Amino acid sequence: MPGATVEDAIGRERYELLSMRFLGTKVDLDEAYEWGKEELARVVAEQALVAEQILPGASVEEAITYLENDPSTKLHGTKALQEWMQQLSDAAVVALSGTHFEIAEPIKKLECMIAPTKHGGIYYTGPSDDFSRPGRMWWSVPVGVTEFDTWRETTTVYHEGVPGHHLQVAQATYVKETLNAWRRLASWTSGHGEGWALYAERLMDELGYLDNPADRLGMLDGQRMRAARVVLDIGVHLGKPRLDGSGTWDFDYALEFMGKNVNMSKEFVKFEVTRYFGWPGQAPSYKIGQRIWEQVRDDYAIKKGDDFDIKLFHKTALNLGGLGLSTLQKAMAQA
């Protein structure tokens with residue numbers, strides 16, 4: 001406390017260092033801020049189009065309310081949740097294996113689990129080296145929660161499972177003879193790891209697995225939150241002008257901004273915004289990481305031309321294991 005400043009913003013110099021830590025590369029923060037605003041506007045526009053498909057004439061908020069009251073998108077109880085997760089995950093493995101990904105037999109087993117904890121998170125744990133314990137997707141269900149929305153969580157299954165974290169982590173385990181233990185188990189860069197998972201969500205949309213407007217709205221809901229975090233985090237810590245021109249970013253304005261861009265309770269929004277103020281550079285790494293993954297793929301496709309093979313791209317990139325994003329860019333430029 002005695003060493004703290006009166007400013008909430010950490011400042012450009014320290015923020016640049018933390019941003020590099022979470023991304024594994026240096027980005028132009030001013031350009032990233034402007035891109036974040038553009039990306040947020042683009043996602044909001046996409047949401048509006050999808051809301052119209054769900055309920056003609058409805059706003060995004062009205063479409064979400066409609067879906068939250070639609071019994072056809074509800075799961076009741078953790079048994080139904082676990083079975084739904086497993087069915088969706090298994091279907092993704094079958095659909096993507098041999099087409100867009102080369103999925104080895106041990107990796108095809110992914111167990112969907114209800115976690116023994118009750119804190120509310122959804123996460124993934126990798127397999128053992130010999131795959132005797134498979135990769136697992138865990139859902140920690142808070143006490144008292146008995147209903148779940150499939151439209152909101154379809155994209156989460158792709159994020160945590162296939163083609164998201166499971167393919168990323170389990171593939172590194174599968175090729176363990178070519179990677180040291182540090183790169184397989186300890187080299188986790190948020191921009192690389194979480195950027196891949198967001199890339200995976202968008203890829204499933206591009207491939208048509210989120211054609212159901214409700215499921216697509218769920219994916220866009222998450223993408224909007226990640227884009228908003230880019231704007232908020234950089235805006236706060238670099239002391240950017242508020243979007244309405246009424247001064248610079250501060251906690252109250254950040255709270256108001258986030259509340260308008262996420263479909264969450266006030267308590268959770270406050271928790272999230274507090275986290276961004278205390279963990280500078282981490283939250284934007286997801287969406288900026290996704291952007292870099294997409295740029296790496298596009299650059300690779302241009303270089304390969306008619307010989308571009310997305311399955312080979314994914315295999316080559318994932319076989320590298322955990323990396324900073326600058327190393328990924330260099331390695332794939334040489335692939």
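**Terms and their cut-offs**

Tutor: Lys 79 is exposed, with a relative accessible area of 58%. Please bear in mind that this is a predicted model, in which local features need pLDDT of at least 70, side-chain atom pairs count only at pLDDT 80 or more, and totals for chains, interfaces and linings use all residues. Residues are numbered from 1 along each chain as its sequence is written, and side-chain values use heavy atoms, with hydrogens and water left out.

Student: Why is Lys 79 called exposed?

Tutor: The term exposed requires over 50% relative accessible area, buried means under 20%, and partly exposed lies in between (1.4 Å probe, protein chains only). Lys 79 has 58%, so the residue is called exposed.

Student: What makes Lys 79 and Glu 83 a salt bridge?

Tutor: A salt bridge is a side-chain nitrogen of Lys or Arg within 4 Å of a carboxyl oxygen of Asp or Glu. The closest N and O atoms of Lys 79 and Glu 83 are 2.4 Å apart, so the pair meets the rule. Both residues lie in helix α4, four residues apart, about one turn of the helix. Helices (H or I, at least four residues) and strands (E, at least two) are DSSP runs, numbered from the N terminus.

Student: Why is the pair of Glu 111 and Lys 109 called a salt bridge?

Tutor: Their closest N and O atoms are 3.8 Å apart, which is within 4 Å, and therefore the name applies. Lys 109 itself, at 49% relative accessibility, counts as partly exposed.

Student: How many salt bridges does this rule give?

Tutor: The count comes to 26 salt bridges. One of them joins the side chains of Lys 287 and Glu 39, at 3.1 Å from N to O. Lys 287 lies in helix α12 (residues 284-304) and Glu 39 in helix α2 (residues 29-54), so the pair ties together parts that are 248 residues apart in sequence. Both Lys 287 and Glu 39 are buried. These two residues also belong to a network of salt bridges, in which they are linked with Arg 42, Glu 46, Arg 202, Asp 205 and Arg 216.

Student: What makes a set of residues a nonpolar core?

Tutor: The set must consist of buried Ala, Val, Leu, Ile, Met, Phe, Trp, Tyr and Cys residues joined through side-chain atoms within 4.5 Å. The largest such core here has 85 residues, and those with the most contacts inside it are Leu 232, Trp 249, Met 258 and Leu 328. Helix α9 (residues 213-237) gives the most to this core, with twelve residues. In soluble globular proteins, nonpolar side chains tend to be buried together.

Student: Which residues does Leu 328 touch, leaving aside those up to four places away in sequence?

Tutor: Leu 328 touches His 192, Trp 293, Val 296, Ala 317, Leu 320 and Leu 323. Contact means heavy atoms within 4.5 Å.

Student: Where is Ser 187 found, and is Ser 187 buried or exposed?

Tutor: Ser 187 is found in the loop between α7 (181-186) and α8 (190-206). Its relative accessible area is 11%, under the 20% limit, so Ser 187 is buried. The side chain of Ser 187 reaches the backbone oxygen of Gly 322 at 3.0 Å. Beyond four places in sequence, Ser 187 touches Trp 182, Gly 322 and Leu 323.

Student: Why is Ala 200 called buried?

Tutor: Ala 200 has a relative accessible area of 0%, and therefore falls under the 20% limit. Ala 200 has its place in helix α8. Leaving aside neighbours within four places in sequence, Ala 200 is in contact with Tyr 158, Pro 163 and Gly 164.

Student: What is the peptide bond from Val 162 to Pro 163?

Tutor: That bond is cis, with omega near 15 degrees. Pro 163 is found in the loop between α5 (150-160) and α6 (165-174).

Student: Why does Phe 131 count as buried?

Tutor: Phe 131 has 16% relative accessibility, which is under 20%, so Phe 131 counts as buried. The residue lies in the loop between β3 (122-125) and β4 (135-139). Phi of Phe 131 is near 65 degrees, a positive value in a residue other than glycine.

Conventions. A polar contact is a pair of N or O atoms within 3.5 Å; within protein, one must be able to donate a hydrogen and the other to accept it, and residues adjacent in sequence count only if both atoms are side-chain atoms.
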